[in-house]
Amino acid sequence: MSTLRIGSLQWDWDKVLNRLILFVTIGVLANLAFSFWITDGRISWEQLKFHPAYFLLALLLALVPWLTHGFRLTLWAKLLRHKLSLRQAVQIAVLTDVGSVVTPTIVGGAPIKIGMLKKHGFHSGEASILIAIASLEDIIFFVLVGISSLLYASPAQQSMWMPVWEGILKKGHLLPYLMVGLGVWTFSYQVWLKKMSFWKKWQKKLRRLWMETRVVLLFIYRKGWKTFLLSAFTNCLQWS
């Protein structure tokens, strides 16, 4: 039985996965039923008429993100000297996506991914860094795509970016509020929060997490550039 203990809580990940898949399946079926109900039935059945080869191709392409995600996890596991097979890595990728479906958007599947990585021997700092690296790889891809679109797009297509830049400039007035909020947080920490007993316990855990994360960051900076470039390249293929 695949379990993970966090404090006094013990999670059976096999049961968690099975229940999440059940909820997702029910949601997909309910969405299909609702779509058939609100649309013309003849139109819906017409949309289902396609060549089986295209359906098979769609199924194969749907597996690509999970396979590439799993492959990237095996790269980092090898660098950090953890044993993680491609099958186990793909299982983590699938469970992460399933978790992101049933959790709020702001939460996503990151907590489940961290839990699964810890189950396979990664400590909290390593798991947190892998989450951050995955986000960084996504940012790199979208920045490259954005730059490419600006360089090779026609003037009419480049004008589509104007609302984006205008939106960024309009958000500049929020910077003073952010600075005020940071000042209030600093004052509250020094005067009130720093003296609370529960914060002292969390402060020790956060300090330990930061030390673990810092060690992993330095290790990746010194020896992980090849792994990072290969992982980022694989991520670009995944998005492409």
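**The second largest pocket**

Mentor: In this predicted model, the second largest pocket holds about 390 Å³ of space, where a pocket is an open set of points on a 1 Å grid over the protein atoms alone, fitting a 1.4 Å probe, with protein on both sides within 12 Å along at least five of seven lines, and lining residues have an atom within 4 Å of a point. Among the 17 residues lining this pocket, His69, Thr96, Lys113, Ala134 and Asp138 are the closest to its centre. Two or more lining residues come from each of H3, helix H4 (86–102), helix H5 (110–119), H6 and helix H11 (225–239), and H6 gives the most, with four residues.

As for salt bridges (a side-chain nitrogen of Lys or Arg within 4 Å of a carboxyl oxygen of Asp or Glu), the count comes to two. In one, the side chains of arginine 72 and glutamate 137 meet at 2.7 Å, N to O; because arginine 72 lies in helix H3 (residues 52–79) and glutamate 137 in helix H6 (residues 124–152), the pair ties together parts that are 65 residues apart in sequence. Both arginine 72 and glutamate 137 are buried, meaning under 20% relative accessible area, whereas exposed means over 50% (1.4 Å probe, protein chains only). The other joins arginine 208 and glutamate 212 at 3.5 Å, N to O; here arginine 208 is exposed, with a relative accessible area of 60%, while glutamate 212, at 18%, counts as buried.

Residues are numbered from 1 along each chain as its sequence is written. Local features need pLDDT of at least 70, side-chain atom pairs count only at pLDDT 80 or more, and totals for chains, interfaces and linings use all residues, while side-chain values use heavy atoms, with hydrogens and water left out.

Technical notes
Points joined across faces, edges and corners; volume = space filled by probe spheres on them.
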